[in-house]
Amino acid sequence: MNRTTRATHRFRGVVAGIVATVMMFGLADLIARAFTPSAAPLLTLGQAIIPLAPPAAIKPVIALFGDNDKLVLVLSTGLGAIILAGLIGALAVSRRRLATTLLVVAGLVPVIVIIIRPEAGAIDVIPTLIGIAAGVAVFLLLLRFGVPATHAEATDSPDVARGSRTSESLSRRRFFGLAGAIGAIGAVTIAAGQTLVSLTQEAGAAVAKLVLPTPAKKAAAIPAAASTDLDGTVPFVTEAKDFYRIDTVLSPPVIDPEQWSLRIHGMVEEEVTLTMDDVLDLPQEEHHITLTCVSNPVGGDLVGNATWLGYPVRDLLARARPNSQADMVLSHSFDGFTASTPIGALTDDRAALLAVGMNGEPLTPIHGFPARLVVPGLYGFVSATKWVTELEVTRFDEKTAYWTDRGWDAKAPILVASRIEVPKPLAKVPAGDIRVGGTAWAQRAGIDRVEVKLDDGEWTQADLAEEVTIDTWRQWRTEFAEVAAGSHTLTVRATDKDGTVQTAKRRDSIPNSATGHHHIQFRVE
Ligand SMILES: Nc1nc2c(c(=O)[nH]1)N[C@H]1C(S)=C(S)[C@@H](COP(=O)(O)O)O[C@H]1N2
Ligand SMILES: [Mo]
């Protein structure tokens with residue numbers, strides 16, 4: 001067999017491996033989505049990688065891709081699988097049996113990942129097994145058409161050995177025609193699977209047609225003066241669709257409120273379980289609260305402000321009567337996530353809520369439907385458990401939470417922070433007076449002052465919009481007159497009402513949030 005023929009065959013082997021993999025994942029995914037969504041192999045594989053990934057790698061990925069981190073994860077898992085399949089296909093030119101075995105072994109990886117999950121059932125592996133069978137069949141079929149089995153066969157093969165141009169091109173056409181057709185079928189199954197996903201999510205949204213009770217205690221209306229009205233400033237209330245999303249699940253659990261319950265247990269005198277009807281019968285309170293993620297980089301947008309409807313966790317806990325030795329509540333999510341909240345933050349006078357509503361609507365699946373915690377003043381990872389199912393009253397020296405086990409703090413109060421939203425980084429601004437504005441937050445303390453600096457100038461005090469509560473963010477704006485043409489920097493810092501000035505010291509987000517002043521560059525033209 002000459003070199004060119006070998007290279008041709010190797011290329012076809014690679015194509016066969018890739019097409020087989022597309023078929024395998026596509027079919028397995030489609031079957032899984034139709035019958036048992038949590039058994040979709042690509043999703044489960046991606047999901048399995050999350051806890052394995054070093055925390056030091058996760059947070060930068062979140063910072064880089066933000067809400068798209070999950071898509072990036074699934075796409076890279078798929079890409080990894082395709083590269084592996086291509087290599088196996090190339091191997092098939094000389095070692096067909098070994099390559100086929102490797103393909104099956106690689107296919108079994110998601111099967112293992114699926115079966116070791118605690119909530120797995122035996123039928124969960126069926127979609128992937130069918131996918132593997134289809135993938136291997138496609139692989140062998142394509143090899144048969146495009147890659148002669150052995151060297152001997154290759155030289156004996158009348159088509160290839162004689163190198164007759166017509167038969168060679170016929171075999172090429174036949175191979176790529178077949179590969180193209182099967183690849184297209186694989187692609188269609190993937191698309192069909194994705195369509196099913198969005199249909200299921202719509203079904204989930206239908207379940208979400210939960211009727212919120214009218215608040216027993218309404219939040220005060222947000223005054224117009226809470227906004228600076230500076231164009232380009234982030235709205236004071238963040239709509240659910242624009243609200244940042246951080247969690248460790250690839251697709252949010254679809255929970256039927258009829259099936260949901262909250263169990264309060266651990267160091268309590270009386271274990272309490274509430275159904276959704278029980279919860280909705282309680283007098284609900286509305287509160288404006290700004291939620292913040294510990295992974296938010298300086299100037300980042302992992303922060304949002306909403307009007308939450310919920311029942312005070314304080315009163316829920318009171319029903320169970322916690323033991324006075326308890327100092328922590330470990331909240332558990334449907335998906336296994338946990339957060340450790342100092343019990344004091346749940347029992348003092350702040351509006352720590354078991355929230356069922358966000359901006360007048362039930363929670364969306366992504367933001368914790370049907371119920372989640374919202375605790376003013378603490379970063380989300382130690383307080384804001386979505387899809388919450390249990391409040392376990394315990395002690396910090398006895399239990400640890402999901403992110404604490406991965407190097408983050410056990411307790412994490414929110415630090416004073418501020419960011420520039422106008423002008424945008426690297427914006428070109430016409431000469432004259434320059435308008436500057438943004439948002440600052442220091443939940444629990446409240447913002448006292450925001451100062452801005454142009455280039456190496458003096459700190460100048462910005463005008464603050466009206467404060468809604470100490471637990472909500474606060475907009476600010478100011479102007480610099482007659483700024484000369486050229487390149488400039490702006491820096492911002494905030495001070496809270498306890499007198500804490502936002503530190504200029506730069507540090508990483510692990511273990512309890514990044515610090516430093518936000519600064520941007522812009523050009524005056
Ligand atoms: N079940 C569950 N709840 C969770 C998380 C999670 O990974 N799983 N992440 C927490 C973190 S780190 C943050 S910052 C907030 C974000 O809430 P949001 O996605 O509604 O903005 O949810 C918290 N609740
Ligand atoms: Mo977070």
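Predicted model: local features only at pLDDT ≥ 70, side-chain atom pairs only at ≥ 80, totals over all residues.
1. Helix α1 spans residues 3–35, and helix α6 spans residues 126–146. Their axes come within 7 Å and cross at roughly 155 degrees. Because angles over 145 degrees count as roughly antiparallel, α1 is roughly antiparallel to α6.

2. The crossing in which α1 passes α6 is right-handed. Sorted by class, the residues in the contact of α1 with α6 are 17 nonpolar, 7 polar and 1 charged.

3. Which residues come nearest to ligand 1? They are Tyr 244, Asp 335, His 367, Arg 372 and Lys 386, out of 19 residues around the ligand. By class, the shell around ligand 1 holds 9 nonpolar, 5 polar and 5 charged residues.

4. At Tyr 244, a backbone N or O atom lies 2.6 Å from an oxygen atom of the ligand. At Thr 248, a polar backbone atom is 3.0 Å from an oxygen atom of ligand 1.

5. His 367 approaches through its side chain: an N or O atom there is 2.7 Å from an oxygen atom of ligand 1. How much of the area that ligand 1 exposes when taken alone does the protein bury? Taken alone, ligand 1 exposes 530 Å², and the protein buries 100% of that.

Terms used:
Residues numbered from 1 in each chain as written. Chains lettered and ligands numbered in written order. Heavy atoms only, no water. Axes fitted to C-alpha atoms, helices over the stretch in contact; angles between N-to-C directions. Helix = DSSP H or I, 4+ residues; strand = E, 2+ residues; numbered from the N terminus. Parallel < 35°, antiparallel > 145°, perpendicular 65-115°, else oblique. Left-handed = near helix turned anticlockwise from the far one by under 90°. Nonpolar A, V, L, I, M, F, W, Y, C, P; charged D, E, K, R; others polar. Near = heavy atom within 4 Å. Polar contact = N/O pair within 3.5 Å; in protein donor to acceptor, adjacent residues only side chain to side chain. Areas by Shrake-Rupley, 256 points an atom, 1.4 Å probe, with all protein chains shown as cover.
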